[in-house]
Every structure is written in C-alpha cells, then in structure tokens.
2 protein chains.
Amino acid sequence: MKKAVVLLSGGLDSAVTLYLAKRSGFKCSCLIFDYGQRHRKEIEAAKKISAAAHCPARLVKIDLSWKGSSLLDKKIKIPSGRRQGIPSTYVPGRNIIFLSFALSYAEAIAAKAVFIGAHIEDYPGYPDCRPEFFRAFAGVIACGTKSGVRKQSIKILTPLIRKTKAQIIKTGTRLKVPFGLTWSCYAGAKAPCGKCDSCYFRAKGFQEAGLEDEGKNSRDF
Amino acid sequence: MKKAVVLLSGGLDSAVTLYLAKRSGFKCSCLIFDYGQRHRKEIEAAKKISAAAHCPARLVKIDLSWKGSSLLDKKIKIPSGRRQGIPSTYVPGRNIIFLSFALSYAEAIAAKAVFIGAHIEDYPGYPDCRPEFFRAFAGVIACGTKSGVRKQSIKILTPLIRKTKAQIIKTGTRLKVPFGLTWSCYAGAKAPCGKCDSCYFRAKGFQEAGLEDEGKNSRDF
C-alpha cells in the first residue's frame, strides 16, 4: 500500500484532504504542527481527526519565536471579517516550513506523496497556498532531494486546490468527515469568535453549501 | 544597514560565509540548528563563532525523530573516507528545512538575504547543496512569500558555491576566521575521528591550501 504524509491543521480543509487521501488508497501518516499559534485548540482537534480516521499522527513542535504574524503575536489584533490583500495572520514561510518537514518525513519513511489542503479561497491572502507555489516547491524536490535526483520525486498533492469552501464542505459531507471535531477560529478562545477571517469563511462555506455546521458552537469537543 | 540571516553549522564553510557576509556590509543574525545531530559539538562551536564575530545567534531546535540518516541514527555507521554518490550522512530535506526557517526569520525581521555556505565539493553527495537547488528555492520565495509577491524577494546568497575547500580555507585565513573554534567531524566524539567524510575533506582542504589546521586536534575549544 503506497504511503503518504498528510498535513493536518485541525481545520476542515485538511480534514477533508485526509479523507480524500485515504479514499485514493494511501496509507496516511499525519503531521501536526505546534508552531506557537494562538489558536492552539486546533492541535487537539487535529489529533482527534487523525484518530477518527484511524491514521497515526506526529506532533512536531516548531520554534517561530521571531513571530511576524498576528497568529503568533498576541499584541497584534486578529483581523475581522472579509480580508483584503495579505492579512496580518500570514505567517512568514509557514507552508514552506510545513512542506519541508513533511518532505523530510516522507523521504525517511519512503512515502510517495505529501497532501496539503490549500484551496482557491486561500490564494488572495496567502501566497504559500497558490498553485504556482506548489509547482515551485516541486522543482525544489526534483533537484534538492535524494528521491528527486533518483527521478522518484515525492509528489505534493493538493486535491482541493480548485475548490471553494462550499465545495470542500460538500465533498467532506459525502466522505463523512467529522466536521464536529474540526476547529477553524483564529482567536484562541474556548468557543469560535464568529468574527475572524477563518470563522467568516467557514460560516459562508456552510451557508453556500446549504448545510448545518455541527462544529459551529462546539465548546468542548 | 541591510540585514542578513546567516546559517551557521559550526563547521568552517559557514564560518567563512559569516565573515564574508559581514565584509559585504550586512548586519548578520545567525541561525544555529539543533536537529538531533550526533556531532552536537558543532552547536557549541557555532555559538562561539557567532560570539567571535560579534553577531547575535538563535538556536532553533528541530524534531527530525523520523531520522533517515546516519547523522541522526547511531545505529547506522558513519562512512569513512572519500564518498561516492549520496552518503548515509544525507539528511532528508535538511537544507530545505534550514532555508525555510531562515526565510521565515528573515521576513519577520525585514532582512534582505539569507547566507548559506554550500560549495562545489558538497554537490556530488548532497543534492541540496547544488546551484540548481538554490535557484529552485529562489522560485519558491518569489511566489510563496509576502516579500516575493511584493517583488522584494529575500535573496539566498551562496558566496562559496564555486569554491573548493582549499579556496575557502585561503579566503577564511585572509578574513581571520577563527578556524580553531570550528568543528567538522561527524562522529560525535570528543576529538575529531580523522576518518569520516567531513574530517577527510577538511584535512585535504588544509593540505591543498598549504596551511596548518589549528582546529585539527582541538579537544576542548
């Protein structure tokens, strides 16, 4: 059975990605990052999602103490509502770091692919979620790793890349993704704030999909 | 004064790179990694080199517990002498991870460049030391970071890339790099083993440069 490493944040996009990877026949190992994010609750969510999917998970602790983001620095306010341009929640180099670790892990366990749940509604604000970024990263793998040099490059797979949040939610519903276990809010409180970017896009996605969000008010999952 | 992040391993290549970066007029911040390497002595060496150069240093701890390298796994023997192909000391994704952190740090402190001491004699064994790898990584920065999107990409600078070890040693000697503080041996003992790849290339470099290695027998620097 071919192996894959799946980046799991605890949010709904990566949860759907994990279920898609499993359905594609991959034996999945999840990678969860503790990078000092203020919404640490997503880490516990990610652990529960991997357990629900019967996939092993590793938690990797990352030191980004230089911060440079409102997700890491509580002195910077989390922006509310719809975003324009690159928001303060952008974390310098985040997906490059995450993919680098996933790549290292994949090469060490002879996995063929790394899955990441980036999608079309992430692009405007987060450059490291764009298709051209993933293509560029594939170029790094091709010439900068043992697997690449041997013409067996580990693939970066982004099954959600062209989907909207509503489409992702519909796909996840079909795959029985446990949305009640997922956590999206950036604010870091016990319950979702309902105001931040991430809450906004989650609510909009469920509304457009015509589905009820079972995780919306979950205070203690 | 323009800022730069310099990757510092504790070996002589990165020490020379730091001194070159300083001479080029950069205000340098060093990044040192504890990634579980068996030759942990290089970490202390790196700290002393940054202090000697009067540059601040950050130590970043990285979890590569999946190993996949003789530098991380004491059950695998360190190869002796001249290497052929990719040696067991190759660490999956190492320079990609190091550069990713350096990039994140650089973007957070508004640095213009990241320096790394890769060079021509590293290429055959380590794909992540080749010029094409650094070019590919520049492509990732251009499309996957805030600085890149704003057409102010952080530059990856490799001033040693075309130099041999002997040339690097000659350059370092001119710049008064404290070679006595550097540490190259992979084996992880108190004194250099004199047999591993890294000891071999260091000795060969000093011999070809016609210079004495003041760090060769340093047991307690």
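Tutor: In H3(A), the residues Ile96(A), Ile97(A), Ser100(A), Phe101(A), Leu103(A) and Ser104(A) meet Ile96(B), Ile97(B), Ser100(B), Phe101(B), Leu103(B) and Ser104(B) of H3(B), where contact means that C-beta atoms placed from the backbone lie within 7 Å. By class, the contact of H3(A) with H3(B) has 8 nonpolar, 4 polar and no charged residues; here Ala, Val, Leu, Ile, Met, Phe, Trp, Tyr, Cys and Pro count as nonpolar, Asp, Glu, Lys and Arg as charged, and the others, Gly among them, as polar.

Student: Before going on, what kind of model is this, and how are residues numbered?

Tutor: This is a predicted model, in which local features need pLDDT of at least 70 and side-chain atom pairs count only at pLDDT 80 or more, while totals for chains, interfaces and linings use all residues. Residues are numbered from 1 along each chain as its sequence is written, and chains are lettered from A and ligands numbered from 1 in the order in which they are written.

Student: At what angle do the axes of the two H3 helices cross?

Tutor: The axes of H3 in chain A and H3 in chain B, residues 94-108 in each, come within 9 Å and cross at roughly 165°; axes are lines fitted to C-alpha atoms, for helices over the stretch in contact, and angles run from 0 to 180 degrees between N-to-C directions. That makes H3(A) roughly antiparallel to H3(B), a label for angles over 145 degrees. Helices (H or I, at least four residues) and strands (E, at least two) are DSSP runs, numbered from the N terminus.

Student: How many residues of chain B are in contact with chain A?

Tutor: There are 37 residues of chain B in contact with 37 residues of chain A. On the chain B side, strand E3 (57-61), H3, helix H4 (131-144) and helix H5 (146-149) each supply at least two residues, and H3(B) gives the most, with 10 residues. That side of chain B divides into 20 nonpolar, 9 polar and 8 charged residues.

Student: Which rotation superposes chain B on chain A?

Tutor: A rotation of 180° with 0.0 Å of shift along its axis does so, at an RMSD of 0.0 Å, using least squares on the C-alpha atoms of residues with pLDDT of at least 70 in both copies. The two copies are thus related as by a two-fold rotation axis, and in chain B the C-alpha nearest that axis is that of Ile97(B), 3.1 Å from it. Moreover, 100% of the interface residues of chain B are also interface residues in chain A, so the copies meet through the same surface.

Student: Changing topic, what is the strand order of the sheet in chain B?

Tutor: The open sheet of 5 strands in chain B has the order E3-E2-E1-E4-E5, with parallel pairing, and two strands pair if DSSP finds at least two bridges between them. E3 and strand E5 (155-157) stand at the edges with a single partner strand each, so one side of each is left without a neighbour in the sheet.

Student: And how many bridges join E1 to E2?

Tutor: In chain B, 5 bridges join strand E1 (residues 3-7) to strand E2 (residues 27-34), and the two run parallel; Lys3(B) stands opposite Lys27(B) in E2(B).

Student: Which helix lies across E2 and E3 of chain B?

Tutor: That is helix H2 (residues 41-52) of chain B, which runs at about 170° to E2(B).

Technical notes
Parallel < 35°, antiparallel > 145°, perpendicular 65-115°, else oblique. Contact = placed C-beta atoms within 7 Å.
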